Amino acid sequence: MTASGLAKRAGLDATSFNRSKRISPDGRKRWPSTESVAKILAATGSTLDDFLRMIGPRTSDARIVVPLIASENATGQIGANGLPGNGSAVQEMEVPGFGQESCFAIEARGGALTPLYRDGDVLLVSATAAMRKGDRVVTCLGDGGILAAELKRRTTRAAELSAPIPGGPDRVIPAADIAWMARVMWVRQ
């Protein structure tokens with residue numbers, strides 16, 4: 001079946017999967033929405049596991065073990081390995097593999113990451129992963145505060161984060177006030 005035939009069968013526009021629509025005007029890759037993927041799975045009678053096996057091999061070693069810290073213990077510097085160096089790991093957990101990224105997990109506690117995340121949510125983050133406009137990030141401030149937001153822009157002088165509440169003011173944080181910043185790679189709610 002062709003890409004346009006598959007799109008039609010799923011009730012989508014025939015050009016949904018054309019190569020020209022896979023790259024946005026700013027050069028970033030575009031991915032189908034979860035709704036489009038669900039329609040494709042329904043149209044083909046496939047499961048999500050079938051789909052994931054087509055994307056790439058999944059083996060038992062596709063999981064990694066990362067340190068898990070509580071959001072109130074997130075202060076401290078990120079070491080050269082991309083992990084927090086304050087020795088506050090309280091336990092380890094298994095998460096989906098992310099290749100060569102140095103990851104650690106943060107458990108949201110005490111409302112520190114609201115409104116984007118609730119207490120008990122576990123965020124897999126990487127301080128070594130590339131960060132782009134629109135990525136969700138966790139920022140640990142030099143005074144020990146921690147916040148989660150969407151990255152609007154980051155320069156050598158400051159990071160601009162969008163307001164976590166629609167209509168609220170964006171926040172500009174001087175680089176000198178940032179202990180570390182890490183990209184959110186995965187969330188378990």
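Some ground rules before the details. The model is predicted, so local features need pLDDT of at least 70 and side-chain atom pairs count only at pLDDT 80 or more, while totals for chains, interfaces and linings use all residues. Residues are numbered from 1 along each chain as its sequence is written, and side-chain values use heavy atoms, with hydrogens and water left out.

I start with helix 2, residues 34-44. Helices here are DSSP runs of H or I with at least four residues, strands are runs of E with at least two, and both are numbered from the N terminus. Which residues of helix 2 are buried? They are Ser 36, Val 37, Ile 40, Leu 41 and Ala 43. Buried means under 20% relative accessible area, exposed means over 50%, and partly exposed is in between, with a 1.4 Å probe and protein chains only. Just after the helix, Gly 45 has a positive phi of about 70°.

Now the strands. Two strands pair if DSSP finds at least two bridges between them. Strand 3 and strand 4 run antiparallel and are joined by 5 bridges, with Glu 107 opposite Val 122 in strand 4. Strand 4 is also antiparallel to strand 9, again through 5 bridges, and Val 125 has Val 184 as its bridge partner in strand 9.

In a regular strand the side chains alternate between the two faces of the sheet. In strand 4, Val 122, Leu 124 and Ser 126 point one way, Leu 123 and Val 125 point the other way, and all are buried.

Strand 5 is largely enclosed by the rest of the structure, because 5 of its 6 residues are buried. It pairs with strand 6 in the antiparallel sense over 5 bridges, and Cys 140 stands opposite Ile 146 in strand 6. This hairpin has 4 residues between the strands, and Gly 144 takes a positive phi near 100° there. Strand 5 is joined to strand 9 as well, antiparallel, by 5 bridges; here the partner of Cys 140 is Trp 180.

Trp 180 comes up again in the aromatic pairs. How many does a search of the whole structure find? It finds 1. The rings of Phe 104 and Trp 180 have centres 5.5 Å apart and planes at 80°, so the pair is edge-to-face. For the cut-offs, rings of Phe, Tyr and Trp (its six-membered ring) pair if their centres lie within 6.5 Å; planes under 30 degrees apart are stacked, over 60 edge-to-face, and the rest tilted. Phe 104 is in strand 3 and Trp 180 in strand 9, so the pair ties together parts that are 76 residues apart in sequence. Both residues are buried.

Last, the cores. A nonpolar core is a set of buried Ala, Val, Leu, Ile, Met, Phe, Trp, Tyr and Cys residues joined through side-chain atoms within 4.5 Å. The largest has 18 residues, of which Ile 106, Leu 113, Val 125, Val 138 and Trp 180 touch the most other members. Strand 9 gives the most to this core, with 4 residues. Apart from it lies another core of 10 residues, among them Val 137, Ala 149, Ile 173 and Ile 178.
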